[in-house]
Amino acid sequence: FLVSRGVLSYCVSTIKTTEDDDGMVLEFFGVVNALISSQPICDTFLNTYNGISLILEALSRSESSNLITDLQDMLNTLSENEKTRELFAQHLDTLRSIFTNKNLKTEIRVCAGKTYANCAVSDTFLSRFYKELDDFLIWLNDDEKEIQVIGAMLIGTVA
């Protein structure tokens, strides 16, 4: 456990300090992803290292499709679990902002949108998503088909 925490700490530190090298960030997120399969390490990643923020920061500056795919896998795992989904409460505005930012690559927007849609399943966030229903209808007219699909998913979930 202590070795894993040390490795996690090193990986997080490297991810935070690495700029313009998606390949290195991808490798270290791969190690983090393997480590967080252990619940105590996952809790440490999410709470001590503010793991969701770390993932979202990396996502918003990512250029590599491989990195975006790996980050999507991590976000899916975390947002599909009811216990960890609760931790997304403070990140919903960030997810929405990434999803709606037309200056970002469509892959990044879709990744954030899928995570946002996963959070909509939670009863905890249902009232928030119900209030945003009109926005979801607007997203049905987005230029990108993938964004339209996520808008439809959100409408279906809230309905």
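The buried residues of helix 7 (residues 92-100) are covered by elements that include helix 4 (51-61), helix 8, helix 9 (126-131), helix 10 (133-139) and helix 11, where contact means heavy atoms within 4.5 Å. This is a predicted model, in which local features need pLDDT of at least 70 and side-chain atom pairs count only at pLDDT 80 or more, while totals for chains, interfaces and linings use all residues. Residues are numbered from 1 along each chain as its sequence is written, and side-chain values use heavy atoms, with hydrogens and water left out.

In helix 7, Leu92, Leu95, Ile98 and Phe99 are buried (under 20% relative accessible area, with a 1.4 Å probe and protein chains only). Because these residues cover an arc of only 130° around the axis, they lie on the same side of helix 7.

Helix 8 (residues 106-120) packs against helix 11 (residues 145-158) at an angle of about 5°, with their axes 10 Å apart, and helix 8 is therefore roughly parallel to helix 11 (angles under 35 degrees count as such). The residues making this contact are listed by helix.

| Helix | Residues in the contact |
|---|---|
| Helix 8 | Thr106, Arg109, Val110, Gly113, Lys114, Tyr116, Ala117, Ala120 |
| Helix 11 | Glu146, Ile147, Ile150, Met153, Leu154, Thr157 |

The largest nonpolar core has 49 residues, and those with the most contacts inside it are Phe29, Phe45, Leu59, Phe129 and Leu154; such a core joins buried Ala, Val, Leu, Ile, Met, Phe, Trp, Tyr and Cys residues through side-chain atoms within 4.5 Å. Helix 8 gives the most to this core, with eight residues. Not counting residues up to four places away in sequence, Phe129 touches Leu92, Tyr116, Cys119, Ala120, Phe136, Leu154 and Val158.

Note on methods: Axes are lines fitted to C-alpha atoms, for helices over the stretch in contact, and angles run from 0 to 180 degrees between N-to-C directions. Helices (H or I, at least four residues) and strands (E, at least two) are DSSP runs, numbered from the N terminus. Angles under 35 degrees count as roughly parallel, over 145 as roughly antiparallel, 65 to 115 as roughly perpendicular and the rest as oblique. Buried means under 20% relative accessible area, exposed over 50%, partly exposed in between (1.4 Å probe, protein chains only). The arc is that of the directions from the helix axis to the C-beta atoms.
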